[in-house]
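User: I would like to go through this model with you. Could we begin with the overall picture and then turn to some helices?
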Amino acid sequence: MMTQKKTIKLLLVDDSADDRELILMNLRRGGYNPDVRCIDTKEEYVDALKETGWDLIICDYSMPGFDGLTALAILRDHDIDIPFILVSGAIGEELAVKAMKAGAHDYMMKDNLKRLVPAIERELKEAKLRDKHRQAQIERDRLLTVIQNSLNEIYIFDCKTLKYQYLNQTAINNLGYDADKIQDMTPMDIDPDIESAEDFKRIIQPLLNGDLEKDLYLTKHTRKDGSTYPIEIHLQLIRQNDQQFFTAIGFDLTDRERDARRIQKQKEIAREMAEHSKHKSEFLANMSHELRTPLNSILLLSKLLLKTKSDNLSEDQLKYIDVIQQSGKNLLSLINEVLDLSKIESGEMEVSYETIDLRELITNISDVFEPIAKDKSLEYSVSVYENCPAELVSDQLRLEQVLRNLLSNAMKFTEEGRVELDVYTEIPPEEKEKRIVFTVKDTGIGIPEDKQKLVFESFRQADGSTQRKFGGTGLGLAICRQIATLLGGELTLESADGNGSTFTLSIPLIHSVDLISESEPQTDAGHYPSMSAEETGKSARVVLISDNPDLINAFSEVSDGFPVALNVIKNSKDAPKKVARYSPATVLIDPYISNYSGWSVAKQILNENSPPPAVWMVTDDTHPIPAVDFHGLSGKVVLPLKASDINKIFSSPGPGTEVGENGSTLLLIDDNKIHNEALSEFAEEIVDRCLIAPTAKEAFETLNTTSVNCIVLDLTLPDASGRDVLKKLADTPVFADIPVIIYSGRSLTNQQKEELLVHASDVILKNVGSHSKLMSRIAELIQTPAKGGEAIKAKKVTSQPTVLAVDDNDQSYFSICSLLESNGQIVQRAFNGREALQILESHNDTIGLVLLDLMMPEMDGFETIKKIRQDPAKRSLPVFIVTAKAMKGDREECLLHGATDYISKPISSEKLEKLMSIWMP
Ligand code: ADP
């Protein structure tokens, strides 16, 4: 049988062809198939060694130009390990020793090559082993390098002695010891928390027992110099062959702790800054109050002087008054700007998105600037490009503020030429949403390049002399840029010294959060058609007037399940106008909506729509429903929505039905269903609404959301006794004044009756014919006569109601009073809350409206209004809080305490007149 020959790559160094043949023949005979290169000079040898893959070198001991010992030396020098066999014609012992010393693996005589093949076999095997070792060594070195250079500390220690057998460089560096010192140490020496070997054994025992695979703990390590650092240790028992030892990997936590401390510090700084900014805002709010109040008087009185233009005022004096007016206005705008800036800085600037009619916006602005341009003989033009839609969604107030500022600057800094306002839409590169762009271009003095950045900073003007020449504060553009950012857009400038300026404001056409909410019916031309509900495929239209996203979301969600079309109006100012256009069945109003309060909006809607829609007041759970009520409201609802509320609201029958037409409400608290039904039949003769609560719990739920004029209470209820309910009603200030009639089936002793009468208005026994007695008591107790609307109206015509102005400050009162009196109002004054309450008590019928200052001695505005609202009969009295506090939250607080609306100082005569027309038509 033929065996496969083993190929061997052989370098044969011999000058004799015969000898070479002899060697090769021996190899072949021994089962090898040599792939041979024959050489006989040093150069050829060195060249050949540059190649890799040689299995074997067979070398003649001496050649004319080369010899075996030199060949061995070259191998050594190059650190090459190839089996090397020396062959020689004659070999003595001395030579043999020399050859072996030089590194030859074997040697033999040319005439006796019997040993050649076995020697080759042996050497190849050994070379293979050597190679394996070498590879293993490389592997080990590599691992060791990784371990040595690991960022973590790595330790190996003996299981019994606990002495370290190995520490990596990181551990040595961190600990600061010399490497050889550490070999004698144990974990107890570097961990200050481990006091004794016993301590440490307790830690490692579970690992030794096999109960735990790995242990992880946080501790400290002590450096040579005694200092410590925090470290996390991962401890593991390693079993290898029959050996076992511990490895510990340590993560130095110094950086992490430092980072944590730094983050903590940064948080503290941020907190301090927030605190600081809050104080600043508060200070500014108070300052603005102090400034606005007297300013208010100045503006109102000077306006009054101008209006009366009394004959004894000279031309000059009239001019002075004009100056007073103008300076007051300038001062006011400065205060507003400073306040705006501080609001933006403290993140309190509110943005409220709404649908803006582009044409209306442009007209509003042009109405102001056309006359100014004319006055300065400047050309003024507005171009609205064709790609502009009729409407956009943004904050109208803020947008107008920016455009006004830009136009006012353009006019101010342009002596001759043109001012242009261009409006177009575009999708900027790398953006998806369409933007609307307003450019304000002038041919004025321009802004030099090096000042273009600076003009956007607060209190900075392009030219230091600008202040003297043109006035201004340098705040306008800073505010404009911040507002632009707030609106999701940007404000940029292109200009050259002496060559005019172009300011470009680019904002999203539709602010994305608003895509769903302002869902108005709309045609391409931007007109609101009075689309009937049928056209939309829904059966009734419900309008929600709110800018509170929680309310909007809640109602959008539930309305989906009803056959209604829900429209959201976020701007209180034009809400009544829009409602008139939609003619909805139901209107839901958030009393806390900004600008005009929800109460004023509700009142106006009720006044202006005939028949009026059902009007519900709605709030979220963070804004309780205040104790305000008036003729025509259908009820109050607080989030989260209850199924019963939703049903009532969305199944409202719509305009012209009894809901919302009348005011007096009776609450029957009794668990007998049939009895209730019967009683409410009778009650409906004398009250407008009869609500039923079968349990105490439901009774209070009703009371919390609906204003009730009289309660009929049974003494036994499933969840409480009637006495408890009576007590709770008496103890709750807002309910304390609601008359309660106990209507009980139980016979009562005189003493029991007396006790009940402490809080109850009457106690009537359920008896034959008792219902007629009950009804007449109810009729007596409900002060507003049955079907009261007509009666109230009739009364109002006969006597003109008085406005009660409550203000301790003479100037302030005088200016308000003058404004009202010039409109033909009768005004009565109270100096503080207590006095106001007395007047209200004694002139119950004549006071038609209260203007209440917030900051007064003795009893402040909040306290006063709370007291007023405790009387259910006065929940419909319009009370406006007048204050110079202008910060976020103040408005809400006023409404929360029961204000009907809120007027900030200086009083805008337009707003006051509008509110008067709503509440005292
Ligand atoms: P103010 O006008 O109250 O000083 P602004 O912040 O509105 O403050 O403007 C800052 C400065 O920028 C102005 O004082 C003026 O130097 C420069 N500036 C603004 N608009 C223009 C313009 N259209 N042309 C030339 N300069 C302008």
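Analyst: The protein chain has 31 helices and 32 strands. Please note that this is a predicted model.

User: What percentage of the residues of the protein chain count as buried?
Analyst: Of its 921 residues, 47% count as buried.

User: And among contacts between residues at least 6 apart in sequence, what share join residues at least 24 apart?
Analyst: For the protein chain, that share is 64%.

User: Let us move to helix packing. At what angle do α21 and α22 pack?
Analyst: Helix α21, residues 696-705, packs against helix α22, residues 722-731, at an angle of about 25°, and their axes are 11 Å apart. An angle under 35 degrees counts as roughly parallel, and α21 and α22 are therefore described as roughly parallel to each other.

User: Is the crossing left-handed or right-handed?
Analyst: The crossing of α21 past α22 is right-handed.

User: Which residues make the contact?
Analyst: From α21 they are Ala696, Phe700 and Leu703, while α22 contributes Val725, Lys728 and Leu729. In this contact of α21 with α22, 5 residues are nonpolar, 1 is charged and none is polar.

User: Changing topic: which residues of α16 are buried?
Analyst: In helix α16, which spans residues 549-559, the buried residues are Leu551, Ile552, Ala554, Phe555 and Ser559.

User: Where do the buried residues fall, seen down the axis of α16?
Analyst: They fall within an arc of 165°, so the buried residues of α16 line one face of the helix.

User: What is exposed on the other side of α16?
Analyst: Pro549 and Glu557 are exposed there.

Technical notes
Residues are numbered from 1 along each chain as its sequence is written. This is a predicted model: local features need pLDDT of at least 70, side-chain atom pairs count only at pLDDT 80 or more; totals for chains, interfaces and linings use all residues. Side-chain values use heavy atoms; hydrogens and water are left out. Axes are lines fitted to C-alpha atoms, for helices over the stretch in contact, and angles run from 0 to 180 degrees between N-to-C directions. Helices (H or I, at least four residues) and strands (E, at least two) are DSSP runs, numbered from the N terminus. Angles under 35 degrees count as roughly parallel, over 145 as roughly antiparallel, 65 to 115 as roughly perpendicular and the rest as oblique. A crossing is left-handed if the near helix is turned anticlockwise from the far one by less than a right angle, and right-handed if clockwise. Contact means heavy atoms within 4.5 Å. Ala, Val, Leu, Ile, Met, Phe, Trp, Tyr, Cys and Pro count as nonpolar, Asp, Glu, Lys and Arg as charged, and the others, Gly among them, as polar. Buried means under 20% relative accessible area, exposed over 50%, partly exposed in between (1.4 Å probe, protein chains only). The arc is that of the directions from the helix axis to the C-beta atoms.
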